[in-house]
Each structure stands twice: as structure tokens, then as C-alpha cells.
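The following note sets out some points for colleagues who are examining this structure. Please read them alongside the sequence and coordinates.

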Amino acid sequence: MTYYVKYKMYSAAETKGVCIAAKNKVEAYEKAVYEEIPKTEGELPHSAWVHEVTYNNGKRKLFNTFEGKPY
């Protein structure tokens with residue numbers, strides 16, 4: 001499954017996103033925050049949240065998540 005994780009580097013920064021291959025939302029969040037985003041931006045993000053998942057069959061599901069509720 002592929003998860004789309006949105007993040008902000010600073011509180012007033014623009015929202016960006018990254019695609020992560022993971023087994024569940026928690027794994028996707030942790031991979032994004034601690035592995036993927038620091039490589040691209042150079043530091044940990046101010047906030048991050050799992051926005052949606054694309055299943056192997058192509059179906060997508062949006063999550064009811066936001067900055068204060070990451071997964």
C-alpha cells in the first residue's frame with residue numbers, strides 16, 4: 001500500500017507531501033517523519049499527518065486526519 005503523508009516544516013509554511021510504501025498508517029507516519037522528510041528538507045517537520053492511502057487494487061481512501069491528529 002502507498003500512503004500519502006502531508007507535512008509542514010514550520011507552523012506557517014506551505015503544506016507539502018510525500019508518498020510512502022508501508023503496511024499501516026503508523027508505519028507510514030514514522031517512515032515519513034524520521035526517514036523520508038529529513039532527507040529532502042534537512043530537519044524534522046513541524047507537523048505531519050497521514051492524508052490518504054492507495055491500496056494495491058488501485059482504490060483510494062482519505063483519512064480524517066490533520067496536524068493535531070497524525071494517524
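1. The accessible surface of the protein amounts to about 4,600 Å², and carbon and sulfur atoms contribute 48% of that area. These values are computed from a predicted model. Of the 71 residues, 32% are buried.

2. As to overall dimensions, the C-alpha atoms occupy a box of roughly 35 × 25 × 15 Å along the principal axes.

3. The protein contains 1 helix and 4 strands, arranged along the sequence as β-β-α-β-β. Among contacts with a separation of 6 or more, 41% join residues 24 or more positions apart.

4. Helix H1 spans residues 25-41 and has a kink of about 45° centred on Ala32. Ala32 is also one of the buried residues of H1, together with Ala28, Tyr29, Val33 and Ile37. Residues three or four places apart in an α-helix point the same way, because there are 3.6 residues a turn.

5. Against which strands do the buried residues of H1 pack? Their partners are strand S1 (2-8), strand S2 (16-21) and strand S3 (47-54).

6. At the start of H1, the backbone nitrogen of Val26 lies within 3.2 Å of a side-chain oxygen of Asn24. After H1 comes Gly42, with a positive phi near 95°.

Key. Residues numbered from 1 in each chain as written. Predicted model: local features only at pLDDT ≥ 70, side-chain atom pairs only at ≥ 80, totals over all residues. Heavy atoms only, no water. Bend = angle between axes of the 7 residues up to and from the residue. Helix = DSSP H or I, 4+ residues; strand = E, 2+ residues; numbered from the N terminus. Buried < 20%, exposed > 50% of the residue type's maximum accessible area, 1.4 Å probe, protein only. Contact = heavy atoms within 4.5 Å. Polar contact = N/O pair within 3.5 Å; in protein donor to acceptor, adjacent residues only side chain to side chain. Areas by Shrake-Rupley, 256 points an atom, 1.4 Å probe, with all protein chains shown as cover.
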